[in-house]
Amino acid sequence: MNEYSVNKLSKISGVSGRTLRYYDKIGLLKPAEVAFSGYRYYGQEQVDNLQQILLYKEMGFSLDDIKKLIISPDFNRELAFEKHLAQLHKKRKRLDDLIVNVTKSIATMKGETEMTDKEKFEGFKQQLIYENEQNYGAEVRQKWGDVAMEASNAHLKGMSGEQYEKSEELRKKAEQTLLEAFKEGNPASQLAQKACDLHRQWLCMFYPAYSKEYHIGLGEMYVSDPRFKAYYNKIAEGIAEFLRDAINIYCN
């Protein structure tokens, strides 16, 4: 059986020794053995688990979520790999579509061919779908299943340029109304609830299977996920929590 020290495992995996020690500290990847000297040693099971951790990180899962998945009694390594492979195929298709779109755009600029407005927007929509997956994919798939995320991506794919422009107008209006409500300081105010309704309208343009449960879940995510909290707190410090509270009132 192969046995690896921290340094050896770091070399073959590309994961730093400091990261491996951190994974041990948080209980994500415990070594198979810790020698009397304090040196950590990893066996085949730990190597396989590290591979799985890296795959889930690539898919956008947080370390806390990865830990829950790996220690779950229902965890199925083969199924997890199959899902990851499906995601990789989708990513490759997205890149292939973008390459075709950019190549044709260059040819159009050179006067070698013509490109319709619909074709110009296709590449942009593929980017939207990619960003949708990057920003929301892991959480949506975990909480509401693959069907919800696939429906959202399909909806995005069918979106016209005019619809996207409308979604941007809605987003800006919702955020402006939210800021005005935040200055008042009452998440139950008429203005705050108007901001939530605008937010709902914006969500429905991307997630046709809208539900109150889904809306509340997103509100919680805006506070718990550092990426979304940072986005909203750029509008005003503390506004992420205000939006979550307002959404809870709106949906209840």
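The expected span of a helix is 1.5 Å times one less than its number of residues. Helices here are DSSP runs of H or I, at least four residues, strands are E runs of at least two, and both are numbered from the N terminus. Take helix α3, residues 44-58. With 15 residues at 1.5 Å a residue, α3 should span 21 Å, and its end C-alpha atoms are 21 Å apart, so the two agree.

Some ground rules. This is a predicted model, where local features need pLDDT of at least 70, side-chain atom pairs count only at pLDDT 80 or more, and totals for chains, interfaces and linings use all residues. Residues are numbered from 1 along each chain as its sequence is written, and side-chain values use heavy atoms, leaving out hydrogens and water.

The overview. The protein has 12 helices and 3 strands. Of its 252 residues, 38% count as buried, meaning under 20% relative accessible area with a 1.4 Å probe, protein chains only. Contact means heavy atoms within 4.5 Å. Among contacts between residues at least 6 apart in sequence, 61% join residues at least 24 apart.

Back to α3. Which of its residues are buried? Gln46, Val47, Asn49, Leu50, Gln52, Ile53, Leu55 and Tyr56. They pack against β1, α1, α2, β3, α4 and α5.

Now α3 with α5. Their axes come within 11 Å and cross at roughly 35°. Axes are lines fitted to C-alpha atoms, for helices over the stretch in contact, with angles from 0 to 180 degrees between N-to-C directions. The crossing is left-handed: the near helix is turned anticlockwise from the far one by less than a right angle. From α3, the contact uses Asp48, Asn49, Gln51, Gln52, Leu55, Tyr56 and Glu58. From α5 come Arg77, Ala80, Phe81, His84 and Lys91.

Next, the cores. A nonpolar core is a set of buried Ala, Val, Leu, Ile, Met, Phe, Trp, Tyr and Cys residues joined through side-chain atoms within 4.5 Å. The largest has 29 residues. Leu178, Trp202, Leu218, Tyr222, Tyr232, Ile239 and Leu243 touch the most other members. Elements giving two or more residues are α8, α9, α10, α11 and α12. The biggest giver is α9, with 8 residues. A second, separate core of 17 residues includes Tyr4, Val15, Leu29 and Tyr42.

Why does Glu175 count as buried? Because its relative accessibility is 15%. Leaving aside neighbours within four places in sequence, Glu175 is in contact with Tyr231 and Ile235.

How values were computed. Buried means under 20% relative accessible area, exposed over 50%, partly exposed in between (1.4 Å probe, protein chains only).
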